[in-house]
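Please keep the sequence and the structure in view while reading.

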Amino acid sequence: MGLIDVRSADAAGHRLFTRALVRDLQALERMLAEGRIESGVRRFGIEQELFLVDPSWRPATVATEVLERLGGDPFVTELARFNLEFNLDPTRLAGSCFSRVRAELDRQVANVDEAASESGCGVVLAGILPTLTKSDLTLNNMMPIERYRALNEAVTRMRGGSYRLEITGLDELHIEHDSVMLEACNTSAQVHLQVGALEFARLYNVAQALTGPILAPAVNSPLLFGKRLWSETRIALFQQSIDTRSTMLHMRELQPRVRFGDAWLDEGVIELFEEDVAHFRVLLTTEVDEDPITVLDRGGVPDLRALQLHNSTVYRWNRPCYGVSQGEPHLRIECRVLPAGPSVLDEVANAALWIGAVLGGGEAYGDIRSKLPHDAARANFTAAARMGMGAGFLWFGQVTVSAPDLLEREIIPLARQGLEGAGVDVGDIDLYLGIVEERVRSRTTGATWLLGSLASMGTEGTAVERLAALTGASADRQRDGRPVHEWPLARLEEAGDWAPNFQTVAQYMTTSLFTVHEDELVDLAAFLMDRNAIRHVLVENDEHELVGVVSYRSLLRMITQGKNPTIDPVSVSEVMIRDPVTVTPDTPTLEAIDLMRERRVSNLPVVSDGKLVGIVTETDFMPIAYQLLSEALRKD
């Protein structure tokens, strides 16, 4: 049945869904009290998200065609046309289970790659695709699925305005966007672990405590829009892109919809579901034709569809999940912090570490609430997201320990004990935990490989080419199958053919701009030109809309007309060129060159949705001219 944004749903339909949600909570509470949840069984599963890329390693909006070729399950849509997801069937935690999961992941990734190749595209596993640009995140690139449209409308309405993204790392990123499509920058490898109802609180608390230490060696997302930010930038990006808190309610303490949580769990899973229903308004509704209490009275197993839908719009980093498998209701803990990539082998190693540590910690730590403040667990998580293996953690006994030391001395041995206790083969344990050990020993993660590769290229090529090289090298090494700690650094030539990297203005425009307001003194424009050795200054109004350009020619014309700014103050609006020739980020490069030549201008401001976003100048075309000349000389 269709999903509906609550704003467009009629009041009666909204009330019916809310009643169904409350009934689902009551039914779950009864199932827990009557011991109807499956226990004594350990299964795990993985949800794999990935990027589709074109020959220039840019996002390829071919998901619809690729899905048609794949033919359905286990492949499903994601938010953007350049993403896909597939879900592995649950696997019993025993024997060589991790190697079987690895083989299945390899097989399904290869299936997607083959289907994408028919569109001239391929697959990359990355927490955030290095070559993504803001212009890729338009609503035109959203999958035409009712759920995504409804989600965007609901979140945008609740926010009460634009999406602001502010992340500070080595660089700073401050942008505004108009839709929930920022979330499409993220892909992950989410791990599900089935647990019993009676052990849920204990194991969930251990999972919370271990989130930071587990994330530290798994980080793989240090870049967004070319900026070097957090080691796992996905964490900050996802929280801000799905934040429904309105800035209009600044006096109220509202909970973020993407959250770690504020306290340890006391009794069981019902606390989490009840808290989320109490704190977070319904975003989406659907028709529910099942009365779960009646189903229970008849001895059946309810689907709890209303509760599952609401739970899918509350994004805890460790999320509780209810499901029904082969007629048996069960509970799972879903770990959402682990990124996609760097390789399938690394992803399975991350899963083994998390599952083993949670189970081992459940036995070794017991009730963790008295050993570590919950605030410390949350701070450790943020530290790992920011710094990766460079993080320091507040641990038991209020001591501070480095991420490598904690992993080597405690977490990895704990994971080994947990996997041995579950009956996992020693060969699997040695292989996958050994990969984590080598990452820790060498201090190499996906994030350090990306940043190290970027640094090694220095100023070779253009920024666009360097990011393409990172993506191309990632794809090449993923196909090779080795873990990231064995990867050689990316090289500029791995960007591939130079021409695709200069197809559109967005790929080489300058986004760090010097601008003035139309009411400011022209002296400021002259100062900026002199100080920064530039020939043009762009003029904005209060809404950041482009209204003009001040150039050297403008200043010379002002002087020849007898105006002396040292005597009579002259405003920018008096000398600027109004209605300048502009292009959009998607304007083809050759079209922009032709326009510049035809209109006899040396620069083109870049405007998107009425807002100034960048500029291209004659200088920016020099790499293209060099490549064209080199190519011509080779042909001669």
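The model is a predicted one, and it holds zero disulfides. Cysteine 97 is in no disulfide, and the nearest cysteine sulfur to its own, that of cysteine 335, is 16 Å away. A disulfide is a covalent bond between the sulfur atoms of two cysteines. For a pair to be counted, the two sulfur atoms must lie within 2.5 Å.

What is the distance from the sulfur of cysteine 335 to the closest cysteine sulfur? That sulfur belongs to cysteine 321 and is 11 Å away, which is too far for a bond. Residues count as buried when their relative accessible area is under 20%. Cysteine 97, with a relative accessible area of 0%, is therefore buried. Cysteine 335 has 1% relative accessibility, so this residue counts as buried too.

## Helix 3 and helix 13

Helix 3 covers residues 97–117 and helix 13 covers residues 426–442; their axes come within 8 Å and cross at roughly 60 degrees. The two helices are therefore oblique to each other.

## Alanine 352

Alanine 352 is placed in helix 10, which runs over residues 344–364.

Is alanine 352 buried or exposed? Its relative accessible area is 1%, so alanine 352 is buried. The C-alpha atoms of alanine 352 and arginine 36 are separated by 28 Å, with the two residues 316 residues apart along the chain.

## Helix 5 and helix 12

Helix 5 (residues 200–215) and helix 12 (residues 403–421) have axes that come within 10 Å and cross at roughly 130 degrees. These helices are therefore oblique to each other. The crossing in which helix 5 passes helix 12 is left-handed.

Helix 5 contributes Leu210, Pro213 and Ile214 to the contact, and helix 12 contributes Leu406, Leu407 and Ile411. Which classes of residue make up the contact of helix 5 with helix 12? There are six nonpolar residues, no polar ones and no charged ones.

## Helix 14 and helix 15

Helix 14 spans residues 446–457 and helix 15 spans residues 463–480. They pack at an angle of about 130 degrees, and their axes are 10 Å apart. Helix 14 and helix 15 are therefore oblique to each other, and helix 14 passes helix 15 in a right-handed crossing. Helix 14 makes the contact through Trp449, Leu450, Ser453, Leu454 and Met457, while helix 15 uses Arg466, Ala469, Leu470, Ala473, Ser474 and Arg477. By class, the contact has seven nonpolar, two polar and two charged residues.

Serine 474 is placed in helix 15. With a relative accessible area of 8%, serine 474 is buried. Setting aside neighbours within four places in sequence, serine 474 is in contact with Trp449, Leu450 and Trp487.

## Leucine 125

Where is leucine 125 placed? Leucine 125 is in the loop between strand 6 (122–124) and helix 4 (146–159). This leucine has a relative accessible area of 4%, so it is buried.

Apart from neighbours within four places in sequence, the contacts of leucine 125 include Gln48, Glu49, Leu50, Pro342, Val344 and Gln478. Leucine 125 and alanine 189 are 64 residues apart along the chain, and their C-alpha atoms are separated by 9.4 Å.

## Valine 399

Valine 399 lies in strand 18, which covers residues 399–402. The relative accessible area of valine 399 is 43%, so this residue is partly exposed.

Not counting residues up to four places away in sequence, valine 399 touches Phe393 and Leu394. The C-alpha atoms of valine 399 and leucine 590 are separated by 60 Å, and the two residues are 191 residues apart along the chain.

Definitions and conventions
Residues numbered from 1 in each chain as written. Predicted model: local features only at pLDDT ≥ 70, side-chain atom pairs only at ≥ 80, totals over all residues. Heavy atoms only, no water. Buried < 20%, exposed > 50% of the residue type's maximum accessible area, 1.4 Å probe, protein only. Axes fitted to C-alpha atoms, helices over the stretch in contact; angles between N-to-C directions. Helix = DSSP H or I, 4+ residues; strand = E, 2+ residues; numbered from the N terminus. Parallel < 35°, antiparallel > 145°, perpendicular 65-115°, else oblique. Left-handed = near helix turned anticlockwise from the far one by under 90°. Contact = heavy atoms within 4.5 Å. Nonpolar A, V, L, I, M, F, W, Y, C, P; charged D, E, K, R; others polar.
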